[in-house]
Amino acid sequence: MTIDDYILEHIDEEGAQLSRLYRDAHVRLLRPRMLSGPLQGRILKMLVRIHQPQRILEIGTYTGYATLCLAEALSPNGEIHTIEKDDEMEDFSREQFELSGLQDKIRLHIGDALEIIPQLEGNFDLVFIDADKRLYSEYYDLVFDKVNPGGIILADNTLWSGKVLEAPHSGDKQTCGIVDFNEKIKQDKRIEKVILPLRDGLTMIYKL
Ligand SMILES: C[S@@+](CC[C@H](N)C(=O)[O-])C[C@H]1O[C@@H](n2cnc3c(N)ncnc32)[C@H](O)[C@@H]1O
């Protein structure tokens with residue numbers, strides 16, 4: 001047994017629907033590793049439990065796995081907006097939202113987050129950035145004024161399999177995008193921040 005197996009055996013289960021989604025994604029999709037998975041999913045749900053956001057924004061829906069984890073703990077009148085650029089994922093994620101019974105809390109936007117974020121009305125209490133690694137700084141800048149003071153921004157994959165240590169020599173645009181984002185967050189005095197060494201790195205940002 002690995003330590004990861006041990007953790008999964010001693011935390012809440014993801015439930016039948018999410019484990020079916022996880023299996024389906026591994027059978028039907030090309031890059032199933034992109035979805036959050038059971039440990040990060042339970043952490044996202046726990047953060048919603050603790051922080052009690054009314055409005056959540058997710059940038060990068062993919063299968064809807066993390067969307068559902070976030071939606072699970074939302075208050076009855078809370079809502080989650082989620083943006084996905086790849087329209088081929090729409091049928092898969094909408095099917096999952098319907099199966100979950102949580103579809104009334106979820107607003108799926110198909111299109112480029114860089115175009116959709118400026119069109120979104122209202123503010124958010126929690127934002128989960130998990131789309132194109134080259135564009136993390138752009139997503140952050142676009143979304144920042146839409147986050148309420150006391151709100152949280154989460155950014156996934158901020159250790160990028162340890163490649164952040166290779167920069168600035170890396171010509172890899174995704175690595176450079178993450179490195180630039182991490183430097184930007186380090187300098188930003190409007191926030192408190194910490195990087196959790198969870199999976200591929202999860203940055204938690206608190207807006208002052
Ligand atoms: C890592 S996956 C998201 C995983 C999901 N958040 C989860 O945890 O289960 C990243 C997704 O972001 C999408 N994406 C990439 N660039 C985007 C953009 N500019 N706007 C919206 N979605 C984008 C990709 O198509 C992909 O489905």
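Author: Let us begin with terms: Ala, Val, Leu, Ile, Met, Phe, Trp, Tyr, Cys and Pro count as nonpolar, Asp, Glu, Lys and Arg as charged, and the others, Gly among them, as polar. The structure above is a predicted model.

Reader: How do the residues of the lining of the largest pocket divide by these classes?

Author: The lining of the largest pocket has 19 nonpolar, 10 polar and 16 charged residues.

Reader: How is such a space found, and how much space lies in the largest pocket?

Author: Rolling a probe the size of a water molecule over the atoms shows where empty space is left. In this model, the largest pocket holds about 1300 Å³ of space. Its lining comprises 45 residues, and those closest to the centre are Arg31, Met34, Asp130, Ala131 and Lys133. Helix H2 (16-28), helix H3 (37-51), strand S1 (55-59), H4 and S2 are the elements that each give two or more residues to this lining.

Reader: Where does the ligand sit?

Author: The ligand sits in the largest pocket. Its shell consists of 21 residues, of which Ser36, Gly60, Glu84, Ala113 and Asp130 are the closest. By class, this shell has 10 nonpolar, 4 polar and 7 charged residues. Helix H4 (65-72) and strand S2 (79-84) each contribute at least two residues to the shell.

Reader: Which side chains place an N or O atom by a nitrogen or oxygen atom of the ligand?

Author: For such polar contacts, the cut-off is 3.5 Å between N or O atoms. An N or O atom in the side chain of Glu84 lies 2.6 Å from an oxygen atom of the ligand. For nitrogen atoms of the ligand, the distance is 2.9 Å to a polar side-chain atom of Glu58 and 3.0 Å to an N or O atom in the side chain of Tyr139. The ligand taken alone exposes 610 Å², and the protein buries 92% of that area.

Reader: Which residues line the second largest pocket?

Author: That pocket, with about 220 Å³ of space, is lined by Asp4, Ile7, Leu8, Ser36, Gly37, Pro38, Leu39, Gln40, Leu198 and Arg199. By class, the lining divides into 5 nonpolar, 3 polar and 2 charged residues.

Reader: Which element supplies the largest share of the lining of the second largest pocket?

Author: H3 supplies the largest share, with 4 residues. Helix H1 (3-9) and H3 each give at least two residues to this lining.

Conventions:
Residues are numbered from 1 along each chain as its sequence is written. This is a predicted model: local features need pLDDT of at least 70, side-chain atom pairs count only at pLDDT 80 or more; totals for chains, interfaces and linings use all residues. Side-chain values use heavy atoms; hydrogens and water are left out. A residue is near a molecule or strand if one of its heavy atoms lies within 4 Å of it. A polar contact is a pair of N or O atoms within 3.5 Å; within protein, one must be able to donate a hydrogen and the other to accept it, and residues adjacent in sequence count only if both atoms are side-chain atoms. Accessible areas come from the Shrake-Rupley method with a 1.4 Å probe; for residues, only the protein chains shown count as cover. On a 1 Å grid over the protein atoms alone, a cavity is a set of points where a 1.4 Å probe fits but cannot get out, and a pocket is an open set with protein on both sides within 12 Å along at least five of seven lines; lining residues have an atom within 4 Å of a point. A molecule sits in a cavity or pocket if more than half of its atoms lie within 2 Å of its grid points. Grid points are joined across faces, edges and corners, and a volume is the space filled by probe spheres set on the points.
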